[in-house]
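Here is a short briefing to read alongside the model. Take a look at the structure first, then follow the notes below.

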Amino acid sequence: MRCPFCRHSDSRVVDSREVDEGQAIRRRRSCSKCSRRFTTVEEAVLAVVKRSGVTEPFSREKVVLGVRRACQGRPVEEDQLQQLAQRVEESIRSTGAAEIPSHEVGLAILGPLRELDGVAYLRFASVYRAFTSVEDFEKEIADLRAVMAADESGDGGG
Ligand SMILES: [Zn+2]
């Protein structure tokens, strides 16, 4: 990592701390030539493997985009989308895998989205699970009702 001020290639770490609940490490560095200080952030790369076999870095923004589409016209705040994307990233990173198939990203979205908004969840699930019939929706709605009823009975679900 070159010094952003003088482009010198050598620097020394003067401080390092975990950020984002341990997902990344932020280092304060001092350039060994000009002595100016700058910050670097180090983070494990999480790659998403698409169906075509192409990999791309995991992006919270893409999760938000996909979910936002499903939430159109629903009472869902931008903040909630950001929080959902963060939860998705955390659940994926917690698996410890460096690469995950894109459909597992979809899978990780379904749970938090169901808690957020039932209608948005059904929209997202219908695309993600490629619903082909009314029966698919009926079955999903029945499952959704069962989950919501379980939540309301207050069994400490979370
Ligand atoms: Zn420098």
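In sequence, the residues that donate to the zinc ion follow the spacing C-x2-C-x24-C-x2-C. This is a predicted model, in which local features need pLDDT of at least 70 and side-chain atom pairs count only at pLDDT 80 or more, while totals for chains, interfaces and linings use all residues. Residues are numbered from 1 along each chain as its sequence is written, and side-chain values use heavy atoms, with hydrogens and water left out.

**Zinc site**
- Cys3, Cys6, Cys31 and Cys34 coordinate the zinc ion through their SG atoms at 2.2 to 2.4 Å (donors are N, O and S atoms within 2.8 Å of the metal, or 3.2 Å for Na, K and Ca).
- The arrangement is tetrahedral because the four donor atoms subtend angles of 106 to 118° (four donors count as tetrahedral if all angles lie between 85 and 135 degrees).
- Cys3 is buried at 1% relative accessibility, whereas Cys6 is partly exposed at 26% (buried means under 20% relative accessible area, exposed over 50%, partly exposed in between, with a 1.4 Å probe and protein chains only).

**Aromatic pairs**
- There are two aromatic pairs in the structure (rings of Phe, Tyr and Trp, the last by its six-membered ring, pair if their centres lie within 6.5 Å; planes under 30 degrees apart count as stacked, over 60 as edge-to-face and the rest as tilted).
- Phe124 and Tyr128 form a stacked pair, with ring centres 6.3 Å apart and planes at 20°.
- Phe124 is buried at 14% relative accessible area, and Tyr128 is partly exposed at 26%.
- Phe131 and Phe137 form an edge-to-face pair, with ring centres 4.9 Å apart and planes at 90°.

Technical notes. Tetrahedral: all angles 85-135°; square planar, octahedral: opposite > 155°, others 65-115°.
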